[in-house]
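Please read them with the structure open beside you.

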Amino acid sequence: LFRGIEYDFTMQLSRAKKWKTSTPVTDVLYTGLFFQTTDWMPGHKNVRISENLTSVAFEPCIKEYEDLDKLEQPKLIVDHHATDERFDAVFDLLGDILDVRKGTPFGMTCGWGERMIDELVEMRGLEQLYYDMMDAPDFVHHAMERLTRGKLNLLDQYEAEGVLSLNNGSQLIGSCSYPFTDELPGDHYDPGHITPKNLWGFAQAQELSGVSREMLEEFVLPYQARTMERFGLCSYGCCEAMDVKIDSVAKYIKNLRILSISPFTNIPVAAEKCTGKYVMACKM
């Protein structure tokens, strides 16, 4: 535990000394949250990297339309004892010089943000989902509805467990930038009961990079809007070209504040649409 903390401190010092970066450093130290979320479907092979730094081959599990009925509500499992134990140990050693806080700044419930489309693509297959948008649009809507309700339920579980932590500090938000803002946690902030309204939310739709704006607005954004409205502010985008999508995203995501601007984005066009409205997190 303490070797890991020492390593992180050393990295911050080395980065500032050798790279001359403008990476922010604060006196806040989160001690971590011991938790896991169950999967949408038993036996589903999740392609994301695991704790032992391995991953699995992409293998869709919704092979037939009726397989959608096999989806289960993900459950949040928190080890409060381990979480408290680590906080007590770190606070005992460093609490007099650092702002030691229990938990982990909120990032996402499961999947890459609260966006649903990534998990549907994993479980159905990217190429097959493209066909589904033309051949079985009702199936796609049904799937996105199921995943959206599951995400909202999972957010309720986080809140009920009391494990939501502020994320407007020196940690990255989504794939973008540092989320410093004095607009969060907001006027109705209760340190003893943090809600999604006190937090940044994150969504994206890079899987639909080659899909029309009309389909983005039909199959994805209305569902993402329902998850993002639960949060105080929203960061949107990953590796997709955002210049052609900004108007659509802004139409549905009313609390939009940060946009990820990837190398595939037309910068002048994006800048014209963002000026005075949104922060551009440029990744060149």
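1. The count of salt bridges in this predicted model comes to 16, taking as the criterion a side-chain nitrogen of Lys or Arg within 4 Å of a carboxyl oxygen of Asp or Glu. Three of these pairs are taken up below, together with the accessibility of the residues that form them.

2. Lysine 151 and glutamate 119 form a salt bridge in which the closest N and O atoms are 3.4 Å apart. The pair links distant parts of the chain, since lysine 151 belongs to helix α5 and glutamate 119 to helix α3 (residues 117-124), 32 residues apart. Lysine 151 counts as buried because its relative accessibility is 1%, and glutamate 119 is likewise buried, with a relative accessible area of 5%. Through salt bridges that share partners, Glu114, Glu119 and Lys151 are joined into one network.

3. A second pair brings together the side chains of aspartate 69 and arginine 146, with an N to O distance of 3.9 Å.

4. Arginine 101 forms a salt bridge with aspartate 99, and here the closest N and O atoms are 2.8 Å apart. Arginine 101 is partly exposed, with a relative accessible area of 30%, and aspartate 99 is also partly exposed, with a value of 29%.

5. Turning to helix packing, helix α4 (residues 126-135) and helix α5 (residues 137-161) meet at an angle of about 115 degrees, and their axes are 5 Å apart. On the α4 side the contact is made by Leu129, Asp132, Met133, Met134 and Asp135, and on the α5 side by Pro137, Phe139 and Val140. By class, six of the residues in this contact of α4 with α5 are nonpolar and two are charged, while none is polar.

6. Leucine 1 lies in the segment before α1 (2-19), and leucine 1 is classed as partly exposed because its relative accessible area is 44%, which falls between the limits of 20% and 50%.

Technical notes: Residues are numbered from 1 along each chain as its sequence is written. This is a predicted model: local features need pLDDT of at least 70, side-chain atom pairs count only at pLDDT 80 or more; totals for chains, interfaces and linings use all residues. Side-chain values use heavy atoms; hydrogens and water are left out. Helices (H or I, at least four residues) and strands (E, at least two) are DSSP runs, numbered from the N terminus. Buried means under 20% relative accessible area, exposed over 50%, partly exposed in between (1.4 Å probe, protein chains only). Axes are lines fitted to C-alpha atoms, for helices over the stretch in contact, and angles run from 0 to 180 degrees between N-to-C directions. Contact means heavy atoms within 4.5 Å. Ala, Val, Leu, Ile, Met, Phe, Trp, Tyr, Cys and Pro count as nonpolar, Asp, Glu, Lys and Arg as charged, and the others, Gly among them, as polar.
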